[in-house]
Amino acid sequence: MRRDIPPLAEVRRITQKKRDAWWTVLLVDPVATPLVRFTARYTRITPNQITWGAFLLGLGSAACFAFGDWKWLALGAVIYHLSFILDCMDGKVARLTGQGSVFGAWLDFVFDRIRVMVCGVALMGGQYERTGDTLYIWLALAVVALDTLRYINSLEIFKIRHTMRKQIKARMRAARRAQNEAELAFMEDLLRDNPSADIEQDLQRAAGEAPYDTQAPHDPQAPEDAGADGEAAPVARKPQVIDLHQEFRRKFPAYLRARSFLLRHRIRAHLVSGIEFQMGVFMIGPLFDVVMPATIVSGALLLVFELAIIYKLLLSTRDFTRTIDSFEERKTPVAV
């Protein structure tokens, strides 16, 4: 038994993400986190072994789906949810015990994709055998395609955002070297780390106010505040905040209040992601024997939210262009 594992409240702080899918926050973490503490404290099970366990349970779920009958569908749905709980536990155990590895992350990713593919084919194949409806064959292809599309889209968006940040940071480093500028921060990081601050920030933006300059850097030639003795006192420099979501915030002010509410409960605004899509297809559909409508609705909602993210990225690239242009304007000498 390991005596260095902290109490449950501390385990929650260490292992749970600051923002996560609503399905995970409401239906997985309350079960997974106590199990993580028990596993880390009383067993020698490694994160990779948990990953293997989740994968094998997923294959068991697929076997149940293949039979097609409702009783087997319900059993498969329950097993799939247990598989997902284990899938969430491996990363938490790794963070709690310091056993994380690059290979473990790769194994988790690959097993997740195989599990979705095998379960999708088994579920739709069982329903085709049961009903003879060829639409289930197309749905099997759609499930695999949508899951793949979601991961490709997520990866590419991450790469683009990383590139934009890298370019802005490079410009800011050059400016700091030349003018001793203040530090740099990105608005989305500040809101992720401190969701409570997001409320005031969003309300001010929704009202058309600007609590602080999010584009122009600190002016080193600006006058300093006077101290208590009448002498100039140095001004504490705050990090310059670059907000690459300004245009999106202006276009959708009503979204800001809902986002703030969700963040206070650790729920990310992307309400239908891959997790909810999988649960709609592999848990809700089989459990209530509504595989076809549940798959169609889940797929449509996933597409809507993915398109919303793409649109948000488009607006973000416009903010990025304006930010880069502002650096170029400061470099251009003004004729007198």
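Mentor: Begin with one residue. This is a predicted model. Trp138 lies in helix H6.

Trainee: Is Trp138 buried or exposed?

Mentor: Exposed means over 50% relative accessible area. Trp138 has 59% relative accessibility, so Trp138 counts as exposed.

Trainee: Which element gives the most to the nonpolar patch?

Mentor: That is H6, with three residues.

Trainee: Now charge. Which residues form a positive surface patch?

Mentor: Lys166, Lys169, Arg173 and Arg177 make up the positive patch. Take Lys169 as the example. Lys169 sits in helix H6, which covers residues 135-179.

Trainee: Why does Lys169 count as partly exposed?

Mentor: Partly exposed runs between the buried cut-off of 20% and the exposed cut-off of 50%. Lys169 is at 35% relative accessibility, so it counts as partly exposed.

Trainee: On to the cysteines. How many disulfides are in the whole structure?

Mentor: A disulfide needs two cysteine sulfur atoms within 2.5 Å. A search of the whole structure finds zero. Take Cys64: its nearest cysteine sulfur belongs to Cys119, 9.6 Å away.

Trainee: Is Cys64 buried or exposed?

Mentor: Buried means under 20% relative accessible area. Cys64 has 5% relative accessibility, so Cys64 counts as buried.

Trainee: And what is the relative accessible area of Cys88?

Mentor: Cys88 has 17%, so Cys88 is buried.

Note on methods. Residues numbered from 1 in each chain as written. Predicted model: local features only at pLDDT ≥ 70, side-chain atom pairs only at ≥ 80, totals over all residues. Heavy atoms only, no water. Patch = residues over 30% accessible without salt bridge, like charges linked within 9 Å, V, L, I, M, F, W, Y side chains within 5 Å. Areas by Shrake-Rupley, 256 points an atom, 1.4 Å probe, with all protein chains shown as cover. Salt bridge = Lys/Arg side-chain N within 4 Å of Asp/Glu carboxyl O. Lys, Arg positive; Asp, Glu negative; His and termini not counted. Charge placed at Lys NZ, Arg CZ, Asp CG, Glu CD. Helix = DSSP H or I, 4+ residues; strand = E, 2+ residues; numbered from the N terminus. Buried < 20%, exposed > 50% of the residue type's maximum accessible area, 1.4 Å probe, protein only.
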